[in-house]
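Biologist: I am new to this structure. Could you show me how to read the way its helices pack?

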Amino acid sequence: MQQLAATAAELDFHSETYKDAYSRINAIVIEGEKEAHENYIRLAELLPEHKEELIRLSKMENRHKKGFEACGRNLQVTPDMQFAQEFFAKLHQNFQKAAESGNVVTCLLIQSLIIECFAIAAYNIYIPVADDFARKITEGVVKDEYSHLNFGEVWLKEHFEASKAELEQANRQNLPIVWQMLNAVENDAHTLAMEKEALVEDFMIQYGEALSNIGFTTRDIMRMSAYGLTA
Ligand code: Y39
Ligand code: FE
Ligand code: FE
Ligand code: FE
């Protein structure tokens, strides 16, 4: 805590170094929110009995996107959207493939568990080191992300026995991608005073709790968490 505060106090939000790193992190967040918006619309088609709620979540993601675009403008940073699209490409592809095949369990694991836990970890770690404008926006957003994670948890808990095998397979395929993404952003995150170790720790806590709420045993969670740790 002491160390984090010292690092945060040294941040110059208007320095070229900070703004350069922000052009990629801000773009990742904007692209992530945009894809989340589209993913919840797709999920609404796949789960017509939850259409209204999923469309409501998709609209929240669109508001998040606008909020983070304002954060970039506030610092006079142009987001590097090309970088961000590449950053999300693998998860994006896997979501599209699953949606085309009607594998709703995989879609939920990718968006509502993995991406939401990634967002919650990143936003929790960002809030104490953000500029005042971005902090207020991010505090509002992170509350919504918990409700998105909750949607996935509740649905998967209700369909646990029928979903278990697909969840294990989707975890094995997609968790390693998260570690690759964290590695790709480690240096820029560090420039913003967000440490990779803290991001990994927060992600694993959220994701492990989610798997537990859905019905996995501690033993299952340990085994599933080990995938891709060396990516
Ligand atoms: O559900 C959501 O709103 C998720 C799309 C947003 C993802 C944000 C991903 C943030 C990763 C940032 C990495 C910074 C170190
Ligand atoms: Fe969001
Ligand atoms: Fe979300
Ligand atoms: Fe450091």
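Modeller: Gladly. Keep in mind that this is a predicted model. Let us begin with handedness. The crossing of H2 and H5 is left-handed.

Biologist: How is the packing of two helices described in general?

Modeller: Two packed helices are described by the angle between their axes and by the distance between those axes. Now the case here. H2 covers residues 16-46 and H5 covers residues 104-126. Their axes lie 11 Å apart, and the packing angle is about 150 degrees.

Biologist: Are H2 and H5 roughly parallel or roughly antiparallel?

Modeller: Angles over 145 degrees count as roughly antiparallel. H2 and H5 are therefore roughly antiparallel to each other.

Biologist: Which residues of H2 and H5 meet?

Modeller: From H2, the contacting residues include Tyr18, Tyr22, Val29, Glu33 and Leu46. From H5, they include Val104, Leu108, Glu116, Tyr123 and Tyr126. By class, the contact of H2 with H5 has 13 nonpolar, 3 polar and 2 charged residues.

Biologist: What about H4 and H5? At what angle do their axes cross?

Modeller: Roughly 150 degrees, and the axes come within 8 Å. H4 spans residues 81-100. H4 and H5 are therefore roughly antiparallel to each other. Phe87, Leu91, Asn94, Phe95, Ala98 and Ala99 are the H4 residues in this contact. On the H5 side, the partners include Thr106, Ile110, Ile114 and Phe118. The contact of H4 with H5 has 10 nonpolar, 3 polar and no charged residues.

Biologist: Now H7 and H9. How do their axes lie?

Modeller: H7 is residues 160-191, and H9 is residues 218-225. The two axes come within 10 Å and cross at roughly 30 degrees. That makes H7 roughly parallel to H9. Lys164, Leu167, Glu168, Asn171 and Leu175 in H7 meet Asp220, Arg223, Met224 and Ser225 in H9. By class, these residues are 3 nonpolar, 2 polar and 4 charged.

Biologist: Which residue caps the N-terminal end of H6?

Modeller: Aspartate 131 does. One of its side-chain oxygens lies 3.1 Å from the backbone nitrogen of phenylalanine 133.

Note on methods:
Residues numbered from 1 in each chain as written. Chains lettered and ligands numbered in written order. Predicted model: local features only at pLDDT ≥ 70, side-chain atom pairs only at ≥ 80, totals over all residues. Heavy atoms only, no water. Axes fitted to C-alpha atoms, helices over the stretch in contact; angles between N-to-C directions. Helix = DSSP H or I, 4+ residues; strand = E, 2+ residues; numbered from the N terminus. Parallel < 35°, antiparallel > 145°, perpendicular 65-115°, else oblique. Left-handed = near helix turned anticlockwise from the far one by under 90°. Contact = heavy atoms within 4.5 Å. Nonpolar A, V, L, I, M, F, W, Y, C, P; charged D, E, K, R; others polar. Polar contact = N/O pair within 3.5 Å; in protein donor to acceptor, adjacent residues only side chain to side chain.
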